[in-house]
2 protein chains.
Amino acid sequence: MKEKFQEFSTFLNSNSKTMFTYKTIAKRLPILQWWPNYTSEDCIGDLLAGITVGLTLIPQSMAYSALAGLPPQQGLYGSFIGSLMYVFLGTCKEVPMGPTAIVSLMTYNTLHGLGPVYGTLLCFLTGIIQLFMGVVGLGFLIDFISGPVNSGFTSAVAILIVTSQIKDLIGIKAAGTTMSDMIMSISKDICNFKLGDTLFGLICIIVILLLRRIALCQIGPKDNNLRTKFQKCMNRFMWLIGTFRNSIVVIVGSYVSYLYISSEGHDVTSDDIPPIPFKVVGKIPSGLPAFGLPQFSVTYDNGTTTEFFEMVSKIGSGVIVLPIIGLIETISICKTFADGKPVDATQELLATGLCNIGNSFFHAYPGSGSFSRSAVTAASGVRTPMEGLYAGVLVIIALLFCTPYLYYIPKSSLAAIIIAAVIFMVEVRVVRPIYRSKKSDLIPGLATFFACLVLPLEIGVLIGIGLNLVSILYHAARPKLLIEVHKTRDGINYLMVTPDRCLVFPSVDYVRNLVMKHSLKRELPVVIDCSHIYGADFTAAKVIEMLTQDFSKRGQALFFFNLKPSVVAVFEGVQPKGFITFYHRHDLDHLFQRWKEQRRQIEDQQAD
Amino acid sequence: MKEKFQEFSTFLNSNSKTMFTYKTIAKRLPILQWWPNYTSEDCIGDLLAGITVGLTLIPQSMAYSALAGLPPQQGLYGSFIGSLMYVFLGTCKEVPMGPTAIVSLMTYNTLHGLGPVYGTLLCFLTGIIQLFMGVVGLGFLIDFISGPVNSGFTSAVAILIVTSQIKDLIGIKAAGTTMSDMIMSISKDICNFKLGDTLFGLICIIVILLLRRIALCQIGPKDNNLRTKFQKCMNRFMWLIGTFRNSIVVIVGSYVSYLYISSEGHDVTSDDIPPIPFKVVGKIPSGLPAFGLPQFSVTYDNGTTTEFFEMVSKIGSGVIVLPIIGLIETISICKTFADGKPVDATQELLATGLCNIGNSFFHAYPGSGSFSRSAVTAASGVRTPMEGLYAGVLVIIALLFCTPYLYYIPKSSLAAIIIAAVIFMVEVRVVRPIYRSKKSDLIPGLATFFACLVLPLEIGVLIGIGLNLVSILYHAARPKLLIEVHKTRDGINYLMVTPDRCLVFPSVDYVRNLVMKHSLKRELPVVIDCSHIYGADFTAAKVIEMLTQDFSKRGQALFFFNLKPSVVAVFEGVQPKGFITFYHRHDLDHLFQRWKEQRRQIEDQQAD
């Protein structure tokens, strides 16, 4: 196939400078890179991983949908077409597209109860913005989110998600987007907590955490080859029940509520709440959602219509922040699993954008790559992005045939799944290495963490990024100068000044002031070692011109050592007088001599 | 006196770690630095300069006050107490505090017709903000305004000022803060232009420009010593009439209108407009303004009261921008005349802030150092900031005794003074050196220029500064890498990668991707030359850890050469495995050998 395509592309473009080559197309449609070499072994690996992740995806997507304040089926609607599209567009085999904890919380904060129609519009707009960012190459922007800010943000989100799930876990009503709002809201309704939901939820959390530990256990000798067949089987079995922990908890929980509800003789086709001591998901419409453009205007029962721009303004600034947050999550996964290979942020933007647009045609809400499911795919032995196909098909099967069974899922078990997944996102373990490595990096990290808890999430991230950028700007503005007294071979003392980075407008005045101060104090000739100066600008050139003028006015020597030709070109653009550069240390004596002669001539002329 | 003070300070603070020394006090009260050595010669120089600048200040401050949309006396009120205070607080002998073109235009844009009470409140708030910035040490912020942005801003302001003065020059009514507003407004009323004002104004401009040229002329031989007494006298005389050009034009113009008005027999004590073919300044209240706090609330005739916060919100964002713009102007002057000595931006902030607060107690509007008057003081042979005393006293005398004569000053002559002063602020001459030096620096410069013309001034400056900061961040994010194949003394080929600047979060992934790409392509051991890496952060450390892991997984050697101990400490904070640094090139062979042995051991262990 690859050969055929290459022929086709050669046929299309006879000149060699074309952009339309197989390589460029394969870069934008990464399936072309791995499909030609796809083997049956790959297929088996992907099938297993796909089924495993699919079984995680179904309960998770319903849970996250509840977190986003949307009906559970909307999560399922966002879990198949995106997965299928990512097979063709994605570069990272471990990324399963679909609803995630962070994006769901952001969706909840952005929609603040506007409902499913707005959720789908948000999904469409998120896709469009990600696609646009990919097309104009804005993928590099996520480079400006540092590790500490990322950790602070993720940790704060995890805590917010746990707090937001408490209401479902204990069966009360609560709302709010910031920590304080949520706590206030919970404390108001805490007296109405349901014992049934609480007990059920806590048991689910404990079971999930125990199963998670079991998956990590290994019995028998350390070396796999030395283990007996039974030991190997047991290990495999423990891994399986550990990996399917969410599905197991949901299935067992649903069975319990099924027994309860059928013993009460409740009619599950009615809209009434079943008379049992805990809440269940309830009716979910059967079958696939209708395909179609998202709604760009809403007409209410009373005849009023909300137009597109009004809808967007109701959604607010989240429409800009959500695409970036989703991208950060996807890219973080790619980087974690890339095995050191470069991550193509632009391609991931395009892929995530198109997947979200595709999802929005099936009434979904925004999604991205999910860290917890990526860990599952990686552990299940995934080989290529083809895994998404099987996961997607599984969700389609669930929607077509299993919705009657989804009725019985206890809400508190879904809350338990989320809580058990996100508590590991609180990155306390990252604090010590940061402290050991660079204490000042704790500032943006902790600032992001607390700001995200107290303020709206997007403001919190912006504060962290802002602090980071300020520190970069500060470093550009305040270079370090090494100032030493050196001696030439002829024994002339001189002041050697070595700035450690480039000279640009915010730093050059500072450098000049320091040079002036020390040169006035020591009254020695000055040599500026420019080995580390990799760049300069017009402002720097002007200040250097003033510096050379001041030195020549005072009759003090000033030379520039080891200045790069590109920087010399910038400095000479302002045509400075008395600007002398040299590149070998032994030229210095000669330079001093020549300079003294020139001075003498000038002084003689003035005396005449 | 100095000795006495030192004794006093020693008496106060017996321990040596005190902050309250003579030096620190003299830093904040710079008069203590020069007063002990003040001579009678200094006194004569300052007296001459003070009188010269005072005679420039009186017509200029009235003209700028009109530019700010305020009554002419408010400019005079802002020209004495600030000058007197600056004697004690200022570091730069050439700075005469008072109304300036840029600050007046900003005041006009900020007040948009709110009137003198708000002007005084703005002056007070400007002072408070400048003082606050000085106290918390925010003076460094102006380092972030690059040369091209400064030039673009100044040029745009000059053009805006000329446009805003056209209305007074041709005697029509017009308003507006941006270029397009002004042109629209002028074009609406252009048909009502007054021939008298226009002719008078144009003649004034021509005369001022001619006198300005005369001041630069020198007759006789080049060497001053060879000139005859007559030639010296003539040169001095020409310099004098050139320097006093504004006063001369105003005095002659006023005399013409006095003759006109008295020939018409008009009563100058009435409020009627005199029946002459051009507008005059009219009645100015005689005497010094009453001393008192600025008004923090306004009660209108109809009984409604506007409280402080409402007043501030009416003034708007200008209250933040104006102090910074004023400071930029003052600092630019200090830098120009500092003769290479460091400029204490903090002290200038404190001084300008206190001067503005002082001015606001006398019903003034905001002021700063003025470029045009600084040139006059410098040319008049100023010796110390004491010059401000004489200038201030002259303004006080004018207010006490000369207000009846100020009645006759033609408005168009004041407009002519402004136009003739600011047209030289359009820095076309700066374009060529920037183009020669660094073409890309034209972008922020031109962007600032056009943005300031089209958009509100503060937005224009912010766009320019933003572009500059983006370029700094881009440079931090995208270092240049030199990648070469080198040979050790034993003949082993290796890849030498030399990044040219520090590794921080926005750049480290980019560097890692490049290193991975080239190391995978060439399959050679890699040495990263860290000579230019002066700093790193936690994110960089994490990525370096991943890089070393990837290399050791692939069995490819990776060494770090010449890494600074401070950076090693940051990298070792994350406890990377297989992280090897060396500092001498001849260690390399030894390192390769040891590394190969280690690999062999690991491979043997794996094979067992």
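A residue is termed buried if 20 or more other C-beta atoms lie within 10 Å of its own, exposed if 12 or fewer do, and partly exposed in between, with C-beta atoms placed from the backbone. Met238(A) counts as partly exposed because it has 18 C-beta neighbours inside 10 Å. The structure is a predicted model, in which local features need pLDDT of at least 70 and side-chain atom pairs count only at pLDDT 80 or more, while totals for chains, interfaces and linings use all residues. Residues are numbered from 1 along each chain as its sequence is written, and chains are lettered from A and ligands numbered from 1 in the order in which they are written.

Met238(A) lies in helix H12 (residues 229-243) of chain A; helices (H or I, at least four residues) and strands (E, at least two) are DSSP runs, numbered from the N terminus. Neighbours within four places in sequence aside, Met238(A) is in contact (C-beta atoms, placed from the backbone, within 7 Å) with Ile214(A), Ala215(A) and Cys217(A).

Chain A also holds an open sheet of five strands with mixed pairing, in the order S5-S6-S7-S8-S9; two strands pair if DSSP finds at least two bridges between them. Strands S5 (481-487) and S9 (580-582) of chain A are at the edges with a single partner strand each, so one side of each has no neighbour in the sheet. Strand S8 (residues 558-561) of chain A pairs with S9(A) in the parallel sense over three bridges, and Phe559(A) has Ile580(A) in S9(A) as its bridge partner.

The contact between the chains takes 46 residues from chain A and 48 from chain B. Helices H9 (147-170), H20 (431-437), H22 (457-477), H23 (505-522) and H24 (538-554) of chain B each give two or more residues to the side that touches chain A.

Within chain B, the buried residues of H23(B) include Phe505(B), Val508(B), Arg512(B) and Met516(B). Just after H23(B), Glu523(B) takes a positive phi of about 50 degrees.

Key:
Contact = placed C-beta atoms within 7 Å.
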